[in-house]
Amino acid sequence: MFSLAYGLWKYIFNKTEFHVLILGVDKAGKTTLLEKIKSIYLKGEGLTPDRIVPTVGLNIGRIEDANAKLVFWDLGGQVGLRTIWEKYYQEAHAIIYVIDAAAASSFEDAKSALEKVLRHEDLKGAPLLIFANKQDLPGVITDEELARYLQLKELDERPYKFQAVSAYDGRGIKSGIDWVVEQMERSKRTEVLRARAGLTGQI
Ligand SMILES: Nc1nc2c(ncn2[C@@H]2O[C@H](COP(=O)(O)OP(=O)(O)OP(=O)(O)O)[C@@H](O)[C@H]2O)c(=O)[nH]1
Ligand SMILES: [Mg+2]
C-alpha cells in the first residue's frame, strides 16, 4: 500500500528531467552563458566571466524551474574538441546553439558546424534554440539578421527559435529557456527518450 501511494506521489510530484546540450564554436560564450543561467536560477551561484577559461572537458549545470529539472551539458567548441559533441546527442532532449553575434569572422565556421550538428541522425527532432549572444556589444547583429544569414533547410525538421541574449547582462536568457522547456515538454523526441529509458517521467 505504501509503495503504491509512494509511486503515485512520485508520479504526480516528480518533475521531468531534461538534458540540454549547449553547443557552438569556441569563444561563442557557452560557458559564460551557463554560469549566467546558474546565477539567474540558483540565485547567486555561478562564476563571473573573469573566472571562466576555455572548455576542454564537460561543464554540467543543474537548475529547476516550476515544471522541470534541467541538466545542461556545455562542451568545448575548439575544432579538435568538436568530435566529442556527438557522444552526447542520443541522450539530449534539446540543443542550445550559441553564436557570437558580434564576431562576423566566426559566422561561417558557426554555420558549417551547426549544419553538421543538424544533419546527425541521433539528434532527430530535437528542438533547437539559437542564441545570438553578446548583445551588450556594439555592432552585433540581431536575432532576425542571424536567422536570415543562416537560412538552413535542416531547420524545418524541428522546432527552432532565434533569441538575442547577453551572457553578461542576462537579457533574453529566461525567455529562451522558457521556450525550450515548453518545446521539450511537448516533443515527440521526449517520448522516444522516455520509452527508451523505460521510465515514466524519469528522464
Ligand atoms: N561582451 C560579452 N562578452 C561575452 C559574452 N559571453 C561571453 N563573452 C566573452 O567571450 C569569451 C569566450 O567566452 P566563453 O564562455 O569561454 O566561450 P565558450 O563558447 O565557452 O568557449 P569554448 O569553451 O572555448 O568553446 C570570454 O572572454 C567571455 O567573457 C557576452 O554576452 N558579452
Ligand atoms: Mg566553454
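Predicted model: local features only at pLDDT ≥ 70, side-chain atom pairs only at ≥ 80, totals over all residues.
Local features need pLDDT of at least 70, side-chain atom pairs count only at pLDDT 80 or more, and totals for chains, interfaces and linings use all residues. Residues are numbered from 1 along each chain as its sequence is written, and side-chain values use heavy atoms, with hydrogens and water left out.

Ligand 1 is surrounded by 20 residues, the closest being Lys 30, Thr 32, Gly 77, Asp 136 and Tyr 168 (a residue counts if one of its heavy atoms lies within 4 Å). By class, this shell holds seven nonpolar, eight polar and five charged residues, with Gly counted as polar and Tyr as nonpolar. Helix 2, residues 30–41, gives the most to the shell, with three residues (helices are DSSP runs, H or I, of at least four residues).

Oxygen atoms of ligand 1 form polar contacts (pairs of N or O atoms within 3.5 Å). A polar side-chain atom of Tyr 168 lies 2.6 Å from one such oxygen. For backbone N or O atoms, the distance to a ligand oxygen is 2.9 Å at Gly 29 and 3.2 Å at Ala 28. Taken alone, ligand 1 exposes 660 Å², of which the protein buries 85% (Shrake-Rupley method, 1.4 Å probe).

The space taken by ligand 1 is the largest pocket (an open set of points on a 1 Å grid, with protein on both sides within 12 Å along at least five of seven lines; lining residues have an atom within 4 Å of a point). An unreviewed UniProt entry lists Thr 31 and Thr 55 under "binding site".

Definitions and conventions. Chains lettered and ligands numbered in written order. Polar contact = N/O pair within 3.5 Å; in protein donor to acceptor, adjacent residues only side chain to side chain. 1 Å grid on protein atoms, 1.4 Å probe; cavity = no way out; pocket = protein on both sides within 12 Å on 5 of 7 lines; lining within 4 Å. Sits in = over half its atoms within 2 Å of the grid points. Helix = DSSP H or I, 4+ residues; strand = E, 2+ residues; numbered from the N terminus. UniProt positions renumbered as here; feature names shortened; annotations may be inferred.
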